[in-house]
Amino acid sequence: MNDFAKLLAGQLGADFRALPQRARARLSAEGQAVRAGTIGELREAARRRVPAVVFDYVDGAAGDEVTAARNLAELRDVELRPRVMVDVSKVETATTVLGQPIALPLLGAPMGLTGLMHPSGEVALARALHAAGSIYVLAAMASCPIEEVAGAATGPLWFQMYFWRDRGLVQELLHRARAAGMSVLVLTVDVPCAGDRDRDRRNGFSMPPRVTLRALAGGAVHPRWSAGFLRQPRFRWGNLPDAGLAAAAFSAQTNSQFDPSATWDDVGWFREQWDGPLVVKGILRPEDARRAVRLGAEAIIVSNHGGRQLDGAPAAIRALPAVAEAVAGEAEVYFDSGIRRGVDIVRAIALGARACLAGRALAYGLGAAGEAGATRAVEILRDELRTALALTGCPSVQALGPSWVHGWQAPTSGPAGSSG
């Protein structure tokens with residue numbers, strides 16, 4: 001037997017012996033998540049693994065989903081100005097937010113009902129962010145109770161709240177968040193009522209879910225998701241009183257709780273209730289950012305709610321530079337809505353953000369493979385960020401600024417594109 005034949009025989013033998021283990025890894029959700037190379041691939045894995053009604057709840061947006069498409073398209077239009085012959089043998093992704101050191105300028109955006117994607121829900125998302133040395137923002141409308149997430153967390157948590165009619169309930173949640181060690185309050189200001197989400201309406205999305213033949217069929221063709229759902233059903237909000245078992249449209253339940261009469265005076269009320277740092281989320285106009293800072297906000301999150309509220313609002317990246325300029329030196333600015341690539345983080349920081357938040361990108365990983373998928377989503381964005389910094393010739397995210405952007409101006413019209 002010549003050397004080539006020996007090489008081939010050895011490789012084939014080793015491959016045959018490893019075949020069972022490789023097959024298990026290839027067929028498992030965790031194995032597929034590890035092999036995913038982009039957030040887009042995790043999105044497709046999640047689409048295959050969860051029922052359509054659940055996937056559409058996470059993936060969908062308001063109306064014709066124009067704003068959601070703008071978020072992605074206009075981020076891609078931001079052209080960077082790379083420098084060459086720079087030592088990027090080491091690139092630094094660490095920064096600080098409100099004085100808190102973080103290893104990655106990416107926070108987990110607050111999302112409601114992530115337990116529908118996977119029973120581990122917000123616990124898995126928090127652990128994935130903490131493993132990367134960053135922060136998770138727990139939503140008031142999360143699937144998992146405050147205490148459960150805090151008990152499983154290995155790093156810092158922030159708490160997100162809305163303007164609800166029941167101020168007693170709001171005070172109770174703020175007290176629970178404080179008692180659980182959550183140091184920062186994120187106040188979302190862009191939801192006076194629920195946006196018109198056509199996918200949810202067409203799917204009959206409700207809370208708790210209505211058991212229909214269509215729903216049963218969806219569960220039958222997604223047996224792994226169904227098994228997890230039956231073991232640990234997460235079909236209620238983890239932090240709200242039980243409203244009973246009667247199914248109601250998600251938008252109707254939202255509108256019954258949210259206070260459409262809230263004004264800036266109510267931001268002042270929250271400032272009085274919370275003795276820690278206050279972050280205001282959902283700002284697109286410079287004058288609103290300045291008003292929030294005057295009322296005591298230490299940071300602003302530029303966001304259009306991922307296109308899930310007002311369809312026709314500008315892309316968040318379009319609004320970022322003016323907001324950042326308006327409160328420069330007075331408050332930190334973070335960016336939300338549309339992060340799908342590590343280079344998106346570079347773009348947003350260059351245009352004035354100190355850090356970014358990601359919601360759907362991490363939820364896709366969660367739906368694909370639970371905590372392993374969420375961890376993979378964070379890893380993908382972290383690795384892409386490092387590559388983007390190296391290729392841009394910028395050794396540190398803290399060195400990014402307007403000089404790294406090539407004469408960018410927001411498009412005058414919103415280009416078409418896929419939401420998600």
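The chain holds 17 helices and 12 strands, where helices (H or I, at least four residues) and strands (E, at least two) are DSSP runs numbered from the N terminus. The radius of gyration is 22 Å, close to the 22 Å that the globule rule gives for 420 residues, so the chain is as compact as a globular protein of that length. Here the radius is taken over C-alpha atoms, and the rule is 2.2 Å times the number of residues to the power 0.38. Along the principal axes, the C-alpha atoms fill a box of roughly 85 × 60 × 45 Å.

The model is predicted, with local features needing pLDDT of at least 70 and side-chain atom pairs counting only at pLDDT 80 or more, whereas totals for chains, interfaces and linings use all residues. Residues are numbered from 1 along each chain as its sequence is written, and side-chain values use heavy atoms, with hydrogens and water left out.

Of the 420 residues, 53% are buried (under 20% relative accessible area, with exposed being over 50% and partly exposed in between; 1.4 Å probe, protein chains only). Among contacts (heavy atoms within 4.5 Å) with a separation of 6 or more, 76% join residues 24 or more positions apart.

In soluble globular proteins, nonpolar side chains tend to be buried together. Neighbours within four places in sequence aside, the contacts of Phe335 include Leu75, Val302, Ile317, Leu320 and Leu357.

Arg176, in helix α8 (residues 167–179), counts as buried because its relative accessibility is 18%. Beyond neighbours within four places in sequence, Arg176 is in contact with Pro145, Ile146, Glu147 and Asn239. Helix α4 (residues 52–59) is mostly covered, with 6 of its 8 residues buried; among them are Asp56 and Asp59, along with Phe55 and Tyr57.
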